[in-house]
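User: Hi! I have a structure open and I'm new to this. Could you walk me through it?

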Amino acid sequence: MRALIIEDDAVVAAHVAGLLVGRGFATEIVADGAEGLRRAAARPHDLVVTDRMLPGLEGLDVIARLRDLGVTTPVMVVSALGLAGDRVDGLERGADDYLAKPFSDDEFLARVHALLRRARPEPHPEVILVGDIEIRVKARTVHRSGRHVALSPKEFELLRCLAEHAGRFVPRSLLLERVWKLRFDPQTNVVDVHVSRLRGKIDEGFEGSVIRSARGEGYMLAADEP
Amino acid sequence: MKAAARALADLARSSTLRLVGAVAAVFLAAVLILAVAVWSTVSAYIERRILDTIRTDLAGLEAVWRESGEAGLARVVERRHGETGPEGHRRVRLVVSAAGDKIAGDFAGWPNDLPPTGEIVRFRDPDDGVAYTGMVRRVADGPDLLVAHDRAEHEAVMASLMRDLAVPITAALVIAVLVTVAIGRRLLERVERVNATARAVEAGDLGARVGQAGDDEFGRLARHVDAMLDRIATLMRGVHHLSDQIAHETRTPLARLRARLERARREAEADPTARGAVPALDDAIAESAELIAVFSALLDIARTEAAAGDTRGLAPVDLAEVVGDVVDLYEGVAEDRGVGFAVTTTAAVVLGERMLLTRMLANLVDNAVKFSPAGATIDVEVATSGSEFRLSVRDRGPGLPEGFEATAFERFTRAETVAAVPGHGLGLPLVRAVALRHGMKIELQHADPGLRATVCAPLARA
């Protein structure tokens with residue numbers, strides 16, 4: 001997999017590249033917007049990560065021109081301009097995701113994973129299997145080891161989002177965005193309460209929890225047996 | 001009815017209209033003075049004309065006497081008996097001999113014992129009381145002659161004259177009133193445009209301009225106001241640009257700090273000899289996350305405030321749905337603390353940024369949950385009255401210390417009584433920024449026990 005990183009801050013660019021290399025990407029870094037556009041258009045990439053305030057050409061203009069050229073590569077904007085309006089601008093002009101700087105590594109990787117997953121041409125699976133958990137997406141039912149687990153609609157979405165990233169760390173902000181459509185972090189950790197309820201239901205009768213919390217920043221659905 | 005009364009009251013308060021009204025009143029007074037002058041001049045003129053007619057009549061009668069003597073004069077007077085003026089008023093004559101005997105005429109003797117003075121006389125007919133104005137002439141060696149006209153003739157001529165004048169005078173008055181109103185409205189309109197612009201800017205639309213042409217004082221006022229607004233806009237752009245720059249310049253080092261800490265943590269975790277550093281690095285990451293959160297909240301507040309009145313990107317949002325989302329989000333947390341929600345909503349569609357409105361309510365509900373004692377209920381209500389909505393969150397916590405309502409919205413302000421509850425004092429400032437951005441009013445009131453936060457504004461027009 002190939003990723004193009006358009007970022008004029010060398011430290012951040014190298015950090016992002018390091019994270020992507022860790023996920024099996026071959027990375028390419030450019031610091032100039034116009035040069036980034038040229039490279040992105042010249043050969044196919046699996047992912048483009050771009051800043052907004054760039055020398056040469058603004059990040060959103062790079063995306064708009066790429067889309068005009070018919071390039072459909074998933075693009076993630078990573079910018080210091082992090083207000084809701086900025087995100088809306090970014091998404092409207094063709095970005096696939098918009099992450100405000102500074103971000104945590106886990107959040108960045110979870111979002112990259114989600115982006116690639118969405119970009120895959122095959123249809124989303126009807127049934128998601130994680131260990132002994134079986135999630136039927138259309139019927140909206142969950143079984144663990146064959147036993148039906150009754151979940152509220154939000155708990156179902158929560159489990160589904162965790163399952164789509166099974167074995168990976170999903171930050172709270174991504175859960176808030178996918179499950180509650182919220183683009184901000186409430187002061188109280190409301191997500192924790194919802195996760196603990198989900199745990200109570202899904203782990204009932206089992207030892208330990210299939211959902212692990214990591215460093216107080218997010219959650220992971222263990223891909224293997226706990 | 002009420003609206004009309006209010007409009008009238010508004011008009012009465014307008015000094016432009018008062019000024020124009022005063023000009024109109026002076027004009028009307030001038031017209032009245034002119035009318036009185038015309039009246040008295042015309043009246044005197046008519047009087048003179050009547051007396052001239054009488055003098056001519058007397059001279060004629062005297063000439064008849066000289067030519068044909070008393071008998072001829074008597075014949076002429078008898079013939080003219082019952083003669084009337086142009087308006088059908090009586091004209092009377094009397095010829096009395098030097099000895100005082102009636103020779104001919106309309107009276108038996110001098111009416112009301114008029115002395116034959118040769119002067120202008122005013123008298124009443126002793127029989128029917130009709131008032132007359134006349135003249136007496138003493139012909140040397142001859143009879144005394146009296147010719148008099150019914151005084152009503154004078155008034156009748158005046159009245160007929162005034163009837164003819166009524167139409168043009170009324171027309172002049174109507175035109176004066178219409179022109180006054182038209183000028184007044186035009187002046188009001190021009191002043192109102194400046195006012196409307198100022199109101200729009202006050203409401204947050206910094207792009208509003210008067211755009212009024214003309215080289216008069218209104219045009220100049222408009223140009224000055226516009227120039228002032230341009231200057232403010234330039235300054236605001238500078239502030240925005242600066243805050244964007246600060247955002248960029250500060251967030252990037254923060255992003256690096258965070259990236260380096262995360263890498264250090266990964267490396268420490270992988271290296272068995274350095275594993276002892278992991279908890280300290282976790283703390284450092286948590287601190288940096290806190291720093292970033294405070295910094296982001298400040299930027300969000302500043303940029304949300306700066307977007308006040310900018311209607312771009314606003315869409316209809318049903319507050320009842322926002323309440324549903326937020327209560328759904330917080331229900332679990334509240335339940336864990338033994339706090340319940342009592343939700344009363346009605347559909348209330350406003351123009352807004354859904355995410356910001358959700359965040360505003362989430363902050364209010366977050367506070368309410370944090371400060372509620374176990375077992376308490378939080379009331380969340382959306383109500384509409386007329387074209388206004390009211391969104392309120394009421395808790396049963398300790399409330400605010402006396403006099404804290406005003407400062408509660410300042411950044412980093414926290415009441416001493418809540419020092420034990422975590423927070424940075426940026427929740428309510430953001431609430432106010434969101435309210436401001438949507439042109440909504442926010443108020444905190446003591447609810448005994450607890451606190452009620454109320455947001456209100458006009459509903460979106462359907």
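User: Which residues does B:Val365 touch, leaving out those up to four places away in sequence?
Analyst: This is a predicted model, and in it B:Val365 touches B:Val326, B:Tyr330, B:Val380 and B:Val393.

User: And what is B:Val365 part of?
Analyst: B:Val365 belongs to the largest nonpolar core, which has 108 residues. Along with A:Leu159, B:Leu319 and B:Leu361, B:Val365 touches the most other members.

User: Which helix gives the most to this core?
Analyst: That would be helix 7 of chain B, residues 354-371, with 11 residues.

User: Why would nonpolar side chains be buried together?
Analyst: In soluble globular proteins, that is simply what nonpolar side chains tend to do.

User: OK, new topic. How many helices and strands are in chain B?
Analyst: Chain B has 8 helices and 12 strands. Of its 462 residues, 26% count as buried.

User: Now over to chain A. How far does helix 8 reach from its first C-alpha to its last?
Analyst: Helix 8 of chain A, residues 190-202, reaches 19 Å, close to the 18 Å expected for its 13 residues at 1.5 Å a residue.

User: Which residues of helix 8 of chain A are buried?
Analyst: They are A:Val190, A:Val191, A:His194, A:Val195, A:Leu198 and A:Ile202.

User: Where do those buried residues fall, seen down the axis of the helix?
Analyst: In helix 8 of chain A they fall within an arc of 130°, so they line one face of the helix. As background, an α-helix has 3.6 residues a turn, so residues three or four places apart point the same way.

Methods: Residues are numbered from 1 along each chain as its sequence is written. Chains are lettered from A and ligands numbered from 1 in the order in which they are written. This is a predicted model: local features need pLDDT of at least 70, side-chain atom pairs count only at pLDDT 80 or more; totals for chains, interfaces and linings use all residues. A nonpolar core is a set of buried Ala, Val, Leu, Ile, Met, Phe, Trp, Tyr and Cys residues joined through C-beta atoms within 7 Å. A residue is buried if 20 or more other C-beta atoms lie within 10 Å of its own, exposed if 12 or fewer, and partly exposed in between; C-beta atoms are placed from the backbone. Helices (H or I, at least four residues) and strands (E, at least two) are DSSP runs, numbered from the N terminus. Two residues are in contact if their C-beta atoms, placed from the backbone, lie within 7 Å. The expected span of a helix is 1.5 Å times one less than its number of residues. The arc is that of the directions from the helix axis to the C-beta atoms.
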